[in-house]
Amino acid sequence: MTTPSKTPPGADPKQLERTGTVREIGSQAVWSLSSCKPGFGVDQLRDDNLETYWQSDGSQPHLVNIQFRRKTTVKTLCIYADYKSDESYTPSKISVRVGNNFHNLQEIRQLELVEPSGWIHVPLTDTHKKPIRTFMIQIAVLANHQNGRDTHMRQIKVYTPVEESSIGKFPRCTTIDFMMYRSIR
Amino acid sequence: FLVLQAAIWQALNHYAYRDAVFLAERLYAEEALFLLATCYYRSGKAYKAYRLLKGHSCTTPQCKYLLAKCCVDLSKLAEGEQILSGGVLNKQKSHDDIVMEFGDSACFTLSLLGHVYCKTDRLAKGSECYQKSLSLNPFLWSPFESLCEIGEKPDPDQTFKLTSLQNFSSCLPNTCTTLVSNHNISHRQPETVLMETPQDTIELNRINLESSNSKYSSLNTDSSMSYIDSAVISPDAVPLGSGTAILSKQAQNKPKTGRSLLGGPAALSPLTPSFGILPLETPSPGDGSYLQNYTNSSSVIDVPSTGAPSKKTVSRISQAGTKSVFSQSGNSREVTPILVAQTQSSGPQTSTTPQVLSPTIAAPPNALPRRSSRLFTSDSSTTKENSKKLKMKFPPKIPNRKTKSKTNKGGITQPNLNDGLEITKLDSSIISEGKISTVAPQIQAFTLQKAAAEGLMSLLRDMGKGYLALCSYNCKEAINILSHLPSHHYNTGWVLCQIGRAYFELAEYMQAERIFSEVRRIENYRVEGMEIYSTTLWHLQKDVALSVLSKDLTDMDKNSPEAWCAAGNCFSLQREHDIAIKFFQRAIQVDPNYAYAYTLLGHEFVLTEELDKALACFRNAIRVNPRHYNAWYGLGMIYYKQEKFSLAEMHFQKALDINPQSSVLLCHIGVVQHALKKSEKALDTLNKAINIDPKNPLCKFHRASVLFANEKYKSALQELEELKQIVPKESLVYFLIGKVYKKLGQTHLALMNFSWAMDLDPKGANNQIKEAIDKRYLPDDEEPITQEEQISEFGTDESQESSMTDADDTQLHAVESDEF
């Protein structure tokens, strides 16, 4: 593609949640940042509010580290970025790395954003096209639009696929008739 | 002094608690411990009553009872027990001692004691207490209900019967005056009939209590509101005479339970005869008409010969011989006393017969003393209403159902009965007329009373049978029994909620939903039972209705756990599990003894994969209510997820022991048995499940998958074909059929079914289906192209409609096929 077209915005992740196929598990992880301006830190990144954001305050690459207590299956990452409001703070090159700890990270995805204006869905799959299982995810902002130094990130969500019972004996049903009888509440 | 007391009772009757408390505190400076404690308790400050009574030694049974009640309310169960029965360490009083000590209030005392025992895990003793309480006073419903809930099977026929006249009269207050507490104003017509039984100060207090907002839990559960129905025989005549049978309506949806007016003179509180002096006050319900009636008949106020203080609330002390029977006219039914009077028989069982309370009735010659039997007479509906009203605190649940039908019978026969109080008819003259005659021979009054009570008993029996069936999860039978109640009883909140719950337990959610929406229509203030409705809507996935319900309930009553459970269910349906968890935790905060909130919270934790917390929640639910089979099921599910199959089976089995007719449970057990490799047993269990409930498609599905796993492909296919007819849109069915065909080697059919399955389920089990199809590719070289084309075709179709998650996957497919 010669002329980079703008990255189209993805669907609101809430819709994803409503399908019942994925679940947001950011709350089960420990989040840390490479740097941040006071008042613009992890809380603002995870507060479900698109008005607040994280602003980094150091040198590139800026890192967001997500560490889980146990090895977790992650299907999708959703990042909200908006060029119109963030201009030169908008990330343009993002690298996603996974591993067991800081010394063990491997890049699995790199994406280029061109003037994004909404949610970006980053499916994380391994070589067999299955969702990855990992202890840690690191999102690295390698470059910003207009060569900005610091970056703004408004929201990040992490999704895991909803597991059906291990044996698949109670698989997800599609009709209400089946679902009614599926469990006792 | 007496004037002060009278003033205090008047204030209590009018729910003017601040006035009452102030005056009582002044009086207390002089005397009257019990009165002050009562004022505190009724105004909702149980802790004040508790500390006050503790500070002084309580010698009178009433003080003891009130103190015990406060203790139970404040969760000081050991103390409460000690007060009532001597505690764990000391020598315990036997039930007979208690009966002797508390006299007429023994039945309530025993009921309270039973409650304490059950809460502290001594179910045998608890049930003994409840039984005794019921034998003393068959008008009580809550001991019966508690017995059913702990799993005992009390026999309604044995329980709800009047054994002897002695009993009967002992249940009712002895004083001559009859108290009719007109608690409620029927929706339709204000009714005021309150007969007051002088003796029962406590009783009346209770009634007041009910109307007040105090935590009237145990009393209420004891069928608080009572319609005091006392057939009063002229005071001079016989001390025994008419007790007033106070039918208390349970605040909670229980049918009216007669509450026996607390004993005789002995039970009277220090409040006393002065009441006689008091102007008639409207009984707490404060019917306007009532007031009027009373004031008109103020002349009637007399201190009964027995001198029993009439309850202030009732304020009616009938003169010798004249008892006013106030009929509560609840619903449109009005008793036609005259007609009735002679007929004893036909008593309008059905609510259909309108009973007309006419002034003339009041004047019937036999002016039996006012008879509270009014309660009976009034249409059940009215009585119900009334009783309902009595319990202002709780949404009336089913008021007197019982009384209605039978009482009508009996009541009607009583001439005096009614009524006149219909507000619509307000006829003070009636009252005065009612007073007229003392003539009524006591015997006649007595038999009438008895007849009325019989009527009530038979209603109680039916309801008891229905409730017992429901608690033992014989849901079909319960529905049957309850549907045969007379229609005016049937169409009340309590009965319909029980029926709704029965359908819910049978997993017939559509029916249940229908019934519950009817309940909402007729009694939209009712919260008890609404948590089941919310879960029904959750199963049916009706999110709009569910969110309307939860909004309405939380607006109405933020202190009820049911409302918060409904709200939690609403958000859970929207898959906002964190918010749902928050609401369920709120429900628990509001009422830590509400087992269902724990269960629902446990389910939410399972959905957020926090299995340890879920385990804790389910265990809490079981701690609160060991017969809560949903919690046992929840534990089973968690162990199943963790693949601890034998533990899972054990827990499911426990749940099944409690609720043997649940086909869903049987289905789960079947699956677990299959996982444990006990396939034969699994098939048996699944067969049983299908027999119980042929409409459960999952049972058939699982049976088919067990057959498939055992390689009985033909039978599996047959099963699945049947299932296809029942639920044609379920993708899993096609998926399984596809797998079977694949095993049978019929690849075309297999692929066809897989593609149908994918069609029907764009978002869901794609992975499984795709995997199944992928495996398909490898062995067969000739067909890959066509197959992939097919798949990609479907893939691309889907990608257009499906959600984001699928887009990538299906696009990948499409990309691959493009390469060919």
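Two strands pair if DSSP finds at least two bridges between them. Keep that in mind as you begin the tour, together with one more convention: helices (H or I, at least four residues) and strands (E, at least two) are DSSP runs, numbered from the N terminus.

This is a predicted model, in which local features need pLDDT of at least 70 and side-chain atom pairs count only at pLDDT 80 or more, while totals for chains, interfaces and linings use all residues. Residues are numbered from 1 along each chain as its sequence is written, chains are lettered from A and ligands numbered from 1 in the order in which they are written, and side-chain values use heavy atoms, leaving out hydrogens and water.

**Stop 1: chain A as a whole**

Select chain A. Its secondary structure comes to four helices and 11 strands. Of its 185 residues, 52% are buried; here buried means under 20% relative accessible area, exposed over 50%, and partly exposed in between (1.4 Å probe, protein chains only). Contact means heavy atoms within 4.5 Å. Among the contacts in chain A with a separation of 6 or more, 75% are between residues 24 or more positions apart.

**Stop 2**

Strand 1 of chain A is joined by three bridges to strand 11 (residues 155–161) of chain A, and the two run antiparallel. Show A:E24 and you will find A:Y159 of strand 11 opposite.

Next, select strand 5 (residues 76–82) of chain A. What covers the step from strand 5 to strand 11 of chain A, and how many bridges join them? Five bridges do, in an antiparallel run. One place to look is A:L77, whose bridge partner in strand 11 is A:V158. Toward strand 8 of chain A, strand 5 is joined by seven bridges, again antiparallel, and A:A81 stands opposite A:G118 there.

Are they buried or exposed? A:T76, A:C78, A:Y80 and A:D82 point one way, A:L77, A:I79 and A:A81 point the other way, and all are buried.

**Stop 3: strands 4, 6 and 9 of chain A**

Select strand 9 (residues 132–144) of chain A. Strand 4 of chain A pairs with strand 9 in the antiparallel sense over nine bridges, and A:L63 has A:A140 as its bridge partner. Strand 6 (residues 91–99) of chain A also pairs with strand 9 in the antiparallel sense, over eight bridges; there A:V98 stands opposite A:I137.

With a relative accessible area of 39%, A:K71 is partly exposed. Leaving aside neighbours within four places in sequence, A:K71 is in contact with A:R133, A:T134 and A:F135.

**Stop 4: the nonpolar cores**

In soluble globular proteins, nonpolar side chains tend to be buried together. A nonpolar core is a set of buried Ala, Val, Leu, Ile, Met, Phe, Trp, Tyr and Cys residues joined through side-chain atoms within 4.5 Å. Select A:F178 and B:L720: of the 185 residues in the largest nonpolar core, these two touch the most other members. Helix 23 (residues 442–471) of chain B supplies the largest share of this core, 11 residues. Apart from it lies another core, of 27 residues, including A:L77, A:I94, A:V98 and A:L124.

**Stop 5**

Go to B:L553 in helix 29 (residues 543–556) of chain B. B:L553 is buried, with a relative accessible area of 0%. B:A563 is 10 residues away in sequence and 5.0 Å away in space, C-alpha to C-alpha.

Finish at helix 37 of chain B, where B:S679, B:A682, B:L683, B:T685, B:L686, B:A689 and B:I690 are buried. Looking down its axis, these buried residues fall within an arc of 165 degrees, so they line one face of the helix; the arc is that of the directions from the helix axis to the C-beta atoms. They pack against helix 36 (663–675) and helix 38 (697–709) of chain B. On the other side of helix 37, B:E680, B:D684 and B:N691 are exposed.
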